[in-house]
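Colleague: Could you take me through this model and show me how to read its features one by one?

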Amino acid sequence: MLRELYFIARGFLRTSGALFLFFLHLLQYSPTVLFRRFPLVVHQIHNAGALSLVIIMICGFFVGGVLGLQGVSNLARFNAEDSVGTLTAFSLLKELGPVITALLFAGRAGTALSSEIGLMKATDQLAAMEMMATNPVRRVLVPRFLGGVISMPLLTAVFNVVGLFGAHMVAVGLLQVDAGAFWQQLQANVAASDVYEGIIKSVVFGIVASLFAVWEGYNAVPTAEGVGRATTRAVVRTAIAVLILDFMITAVAI
Amino acid sequence: MQQTRSVELGTGLFVVLGFAALFFLTTQTTGSENFAGKDTYTVTARFENIGNLKSRAPVSMSGVTIGRVRSVAFDPDQLNAVVTFAIDGRYDQIPDDSDASILTAGLLGSQYLGLQAGGSDTYLEQDSEIQFTQSAVVIENLISKYLFNSGGREDSE
C-alpha cells in the first residue's frame with residue numbers, strides 16, 4: 001500500500017519535472033522559430049485559430065444569449081434589469097470567456113495537435129527528421145505550440161465580443177431592456193483591470209492548452225490506441241489544469 | 001502557392017478580427033444608439049445635484065423613453081450641474097414649462113431623467129432650457145434630514 005503510494009508520488013514528480021523541462025525546451029527554441037521560421041507559425045495559427053473561429057463564435061453567441069436570458073429573468077425580481085449588461089460583461093470577460101474558449105480550444109485545436117504529432121511519431125516521421133539532422137522539436141513542436149499560444153487570446157477576445165453581442169440581442173431585442181442603460185451600466189462598472197484580467201487568463205490558458213496538447217502527442221505510445229489515448233489525456237489534463245489555474249488567478253486578482 | 005495564399009488570407013482575417021475584438025474590449029467603444037443620426041433636438045436643464053446620472057441615460061416621459069442624456073457638466077459660474085439631453089424629433093409638442101427630475105428605476109436600478117408635462121402653449125425646441133428641475137434624492141441627505149428633524153422635535157417638546 002505505502003509502496004504503491006510511493007511509486008505514484010514518484011511517477012507524478014517525474015512527469016511534472018519532465019513536463020517542465022519540455023516547456024523550457026520549447027521556450028528555448030521559441031525566439032528562433034518566431035523570427036526565422038515565421039511561415040511555419042502562421043500555418044499553425046491558421047490551423048489552431050482561424051479554423052476554430054466558427055465554433056468559438058457560435059458558442060460565444062449562445063453563452064452570451066443565455067447569460068442575457070438568465071440575467072434579465074433573475075434581476076427582474078429586484079427591478080434591476082438594467083444591470084444585465086454589467087452582469088454579462090463581468091461573467092464573460094473575467095470567467096466564462098477565457099475558460100470556455102480554453103475548453104473549446106482544447107477540444108477543437110488541442111486534439112488535432114496531439115493526434116497529428118502522435119501519428120507523426122507512430123509513422124516514424126519524427127525519427128526520419130532526426131535522421132535528416134532536422135530537430136523535430138524545432139520543426140514540428142515549437143511552431144504548433146506558438147500557434148496555439150498566439151491564437152488563444154485572440155479567440156477569447158472574439159468569444160467575449162460575440163457573447164456581449166448575443167447578450168445584447170437577447171436582453172434588448174427580445175426582453176426589452178433599454179439599450180442605453182445596458183451599455184451605460186456596462187461601461188460604468190467594467191474597469192480596464194477587468195479586461196486585463198481576462199486577457200492574462202487567456203494567455204495562461206493558451207500556454208497550458210498548447211503545452212499539454214504538444215506534450216501528450218510527443219509522448220504518445222506510437223500505436224493507434226496510444227495516439228487515441230494521448231488525445232483524450234491532452235483534453236482531460238487541459239480541462240483540469242485550466243479550471244484549477246482559473247481559481248488560482250482569480251484568487252490572486254481579488 | 002494557391003494553398004499558401006488561402007492559408008495566409010484566413011490567418012490574416014483571424015488575426016485582424018481578434019485584434020479588432022481586443023480593441024473593442026479594451027476601449028469599450030460600444031455601438032449603442034445615442035438617438036444619433038435620428039432627427040432630434042437638444043434641451044438643457046440645471047440641477048443642484050444630479051446624483052449618479054450618466055450620459056446616455058434614458059430621458060422618459062410617462063415612463064416612455066423619448067430621448068437620451070447627451071452630456072453632464074458642471075457650470076463653474078452658477079455652481080450647478082448642466083445636463084444636456086436629446087429628445088426624439090417626433091415629440092416636438094412638449095410644453096416648455098415642463099419640469100425635469102432625476103429619478104431611480106427601482107431600488108437598485110440606474111438613474112434616469114423624468115419629464116413631467118406642464119401646461120404652457122409654447123413648446124420646447126432646440127437649445128431651450130427647462131426652468132423647473134428637481135435634484136436627485138441623495139439617500140444620505142434624506143437620512144440626515146430625518147435624524148435632524150426627529151432630534152429637533154424632541155428638543156421642542
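This is a predicted model: local features need pLDDT of at least 70, side-chain atom pairs count only at pLDDT 80 or more; totals for chains, interfaces and linings use all residues.

Colleague: In which sense do β5 and β8(B) pair, and over how many bridges?

Modeller: Strands of a sheet pair through backbone hydrogen bonds, either parallel or antiparallel. Here strands are DSSP runs (E, at least two residues) and helices likewise (H or I, at least four), numbered from the N terminus, and two strands pair if DSSP finds at least two bridges between them. Strand β5 (residues 99-104) of chain B pairs with β8(B) in the parallel sense over three bridges.

Colleague: What is the order of the strands in the open sheet?

Modeller: The eight strands of chain B run β7-β1-β4-β3-β2-β6-β5-β8, with mixed pairing. Because β7 (129-130) and β8 (132-134) of chain B each have a single partner strand, they stand at the edges, and one side of each is left without a neighbour in the sheet.

Colleague: How many residues does each chain bring to the contact?

Modeller: Taking residues as in contact if their C-beta atoms, placed from the backbone, lie within 7 Å, the contact takes 31 residues from chain A and 31 residues from chain B. On the side of chain A that touches chain B, the largest share, eight residues, comes from α7(A).

Note on methods
Residues are numbered from 1 along each chain as its sequence is written. Chains are lettered from A and ligands numbered from 1 in the order in which they are written. Two residues are in contact if their C-beta atoms, placed from the backbone, lie within 7 Å.
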